[in-house]
Amino acid sequence: MAVVECVVEETIGLTEAARIPQQRGEQLLDNAVRYAEERHWDVFPGTWLEAVEGRERCSCGDTACPAPGAHPARPDWANQATGSAVAARRLWSKHSRASILLPTGRTFDALEVPESAGFLALARLERMDLPLGPVTCTPDRRMVFFVLPGAAPKIPDMIRTLGWTPSGIDLIARGEGHYVAAPPTRIGGYGAVQWARRPTPANRWLPDAEELISPLAYACGRDAAAERARRG
C-alpha cells in the first residue's frame, strides 16, 4: 500500500514553522500568541522534550509516556488555558519549549480520524465544495478536523443515522474536557504536528459537524473494512 504524506501548508503568521525539526521556543511562543490573538483560540502550555542521556524524553519524567512532549503538564490545565495573547506570551516566556495545546469544547470541537481516511474525506469534501475548517496532521498518522463546538455529544447518533456503528469505525470526537496539540508541537521523536489545511480568514467560520460527518464516516468505514480484510 502506498504511503500518503501530509501536505504541509504554512501556519498562520509563520511560514515553514511546521517543517522545522527542532521545537524552538521562539516559534512556539509566536504561534501560541497568534492562535490567541488572530483566531481567538484558548491555548495552554503542555509538557516539552528534554535530552536525557542522549535521548529525548518527556518533561513529565515518565519513560513510557504515550505522548512525550505533548500533553498537559498539570491537572488543572483547563483553568490555565487562556484566550489572551498577553497571557499566552507570559506563559510561554516562562516555559519556552512547552507544547501548544488547544482545549476543545470552547471555540471548536475536533473530529479525529486515521490519516488515510482523512485524506480520502478531504478529497470528497473538496469535490462536493463543502466548507472546511483548519485540519491538522499528527506524526502518529492521524488527522484532526476543527468544527463548531458542541458537536462531540452528537457524533455517535450521527454515525448511527448513517448506518455505521460508532465502535466499529475509528472516528473520535473531542469536546469539553479534551484538547488537541497544535503546530508546531513535536511529539517525541516522531515529528511535528502540521497543518493539512491552515487557518485562514476564509475558514474563520468553522463548519458544522453535520457537514463533514458523512464523508468522514464513509472514509473511516472503508478503512475499517480494509483492515478486516487484511486480517483475513
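1. Helix H6 covers residues 209-230, and its 22 residues should span 32 Å at 1.5 Å a residue; the end C-alpha atoms lie 30 Å apart, which agrees. The model is a predicted one.

2. At the start of H6, the backbone nitrogen of Glu210 has a side-chain oxygen of Asp208 within 2.9 Å. After the helix comes Gly232, with a positive phi near 90 degrees.

3. The buried residues of H6 include Ala209, Leu212, Ile213, Pro215, Leu216 and Ala217. Ala219, Cys220, Gly221 and Ala224 are also buried. Among the elements that cover them are strands E5 (109-114) and E7 (142-147), together with helices H4 (115-127) and H5 (155-161).

4. Asp129 follows H4 and has a positive phi, near 55 degrees.

5. In H4, the buried residues are Glu115, Ala117, Gly118, Phe119, Ala121, Leu122 and Leu125. Their cover includes H6, along with strands E5, E6 (135-138), E7 and E12 (194-197).

6. Thr82 sits in the loop between helix H2 (77-80) and helix H3 (85-94). Thr82 counts as buried because its relative accessibility is 13%, under the 20% cut-off.

7. A polar atom of the Thr82 side chain lies 3.0 Å from the backbone nitrogen of Ser84. Leaving aside residues up to four places away in sequence, Thr82 touches Trp41, Asp42, Val43, Ala87, Ala88 and Leu91.

Notes
Residues are numbered from 1 along each chain as its sequence is written. This is a predicted model: local features need pLDDT of at least 70, side-chain atom pairs count only at pLDDT 80 or more; totals for chains, interfaces and linings use all residues. Side-chain values use heavy atoms; hydrogens and water are left out. Helices (H or I, at least four residues) and strands (E, at least two) are DSSP runs, numbered from the N terminus. The expected span of a helix is 1.5 Å times one less than its number of residues. Buried means under 20% relative accessible area, exposed over 50%, partly exposed in between (1.4 Å probe, protein chains only). Contact means heavy atoms within 4.5 Å. A polar contact is a pair of N or O atoms within 3.5 Å; within protein, one must be able to donate a hydrogen and the other to accept it, and residues adjacent in sequence count only if both atoms are side-chain atoms.
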